[in-house]
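Colleague: Could you walk me through this model, please? I would like to go through the helices and then a few of the loops.

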Amino acid sequence: MTGVVPRSDPPAPVGVDPTRASIARVYDAFLNGKDNYEIDREVLRGVQAKAPEAQDLATENRGFLIRASRFIAHQTGVAQYLDCGSGLPTAENTHQVVQRINSDSTVVYVDNDPVVLAHGRALLEENDQTHFSAADIFNPPEVLEDEVVRKHLDFSQPIALFQMGTMHHYTGGGNPADIMQNYIDALPKGSYVGISHFLDPENQYSAVARKMEDVFLHSPMGSGTFRTKAEILELFCGLELVDPGLVLCADWWPDGPQLKPLNQVQFCIAGGIAKKN
Ligand code: SAM
């Protein structure tokens, strides 16, 4: 689907199509970033028309990613990260969070968006323990056999595998749990798996989840499935979840007391961390 690019957007770099919404750029728009085009902001506005607090899908997701990264780096001794669908750099990227805690940590980001890849190249210059792979995260053999992944991650030692805000964008038609099972089979014991995912909370906020889903699926971005808690749990493939389990991102070890009641959108995104024993 195409859209009009207003003059205020800068010219797109070679290989970037500003007339097609991209998952990475729409997410950037949700986070008030600068690396997005009118077509991406159109998706944001469409979701906001159904739920004015829509941006909380992204801010809750990002907060969970940061707290999960901190937890792994502080508490588990794991020092290798395979961050699938890394997204555009924003505040507190995985490598910055974990390398601040353990400077020996290695992070391999995987993403296939051309804008993300361009920023990824800049990251490589900044940090020799952060690497970038341009593989398809929904094709585990492609990721697991990727040269960069194999060169920088030691699969005989525990790895933290992140699928943060990604699995709801799978539109391949297969069972998304099979994708996760492929990754989990390749991880050594002692590894961790982090997933965050759009949630159908199966309560009074189900209707808003379904409305947001409808906009995402019929937008130029074309993906964003809201799954129930039971469906998201299947993606962990039976691994043991770390306390408090799969919960709303807002409820996963928040940084402080929650004084305000959660809004309807905060009920629509969940996350959890599991361990492979
Ligand atoms: N993980 C980050 C976070 O939680 O803040 C970013 C999440 S963003 C919503 C999803 C990312 O997955 C985007 O950057 C998008 O380009 C990437 N992505 C989507 N499908 C992909 C695919 N098939 N292969 C590689 N990356 C993909």
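Colleague: Which residues in α1 meet which residues in α2?

Modeller: R25, V26, A29 and F30 in α1 meet D40, R41, V43 and L44 in α2, where a contact means that the C-beta atoms of two residues, placed from the backbone, lie within 7 Å. By class, the contact of α1 with α2 has five nonpolar, no polar and three charged residues; Ala, Val, Leu, Ile, Met, Phe, Trp, Tyr, Cys and Pro count as nonpolar, Asp, Glu, Lys and Arg as charged, and the others, Gly among them, as polar. Please keep in mind that this is a predicted model, in which local features need pLDDT of at least 70 and side-chain atom pairs count only at pLDDT 80 or more, while totals for chains, interfaces and linings use all residues. Residues are numbered from 1 along each chain as its sequence is written, and helices (H or I, at least four residues) and strands (E, at least two) are DSSP runs, numbered from the N terminus.

Colleague: At what angle do α1 and α2 pack?

Modeller: The angle is about 60°, with the axes 8 Å apart; axes are lines fitted to C-alpha atoms, for helices over the stretch in contact, and angles run from 0 to 180 degrees between N-to-C directions. α1 and α2 are therefore oblique to each other, given that angles under 35 degrees count as roughly parallel, over 145 as roughly antiparallel, 65 to 115 as roughly perpendicular and the rest as oblique.

Colleague: And how many residues of α1 are buried?

Modeller: Eight of the eight are buried, so α1 is largely enclosed by the rest of the structure. A residue is buried if 20 or more other C-beta atoms lie within 10 Å of its own, exposed if 12 or fewer, and partly exposed in between, with C-beta atoms placed from the backbone. The buried residues of α1 pack against α2, α3 and α5 (114-126).

Colleague: What about α3 and α4, how do their axes cross?

Modeller: The axes of α3 (residues 56-75) and α4 (residues 94-101) come within 9 Å and cross at roughly 30°, which makes α3 roughly parallel to α4. In α4, the buried residues are T94, H95, V97, V98 and Q99, and they pack against α3 as well as β1 (80-84), β2 (106-110), β3 (130-133) and β4 (160-164).

Colleague: Changing topic, which residues are closest to the ligand?

Modeller: The closest are A24, G85, G87, D113 and M164, out of 21 residues that surround the ligand, a residue being near if its C-beta atom, placed from the backbone, lies within 6 Å. The shell around the ligand divides into nine nonpolar, eight polar and four charged residues, and α1 and α3 each supply at least two of the shell residues.

Colleague: Where is W253 found, and what is its phi?

Modeller: W253 is in the loop between β7 and β8 (269-275), and it has a positive phi of about 40° although it is not a glycine.

Colleague: Which peptide bond is cis?

Modeller: The bond from D243 to P244 is cis, with omega near 10°, and P244 has its place in the loop between β6 (240-241) and β7 (247-248).
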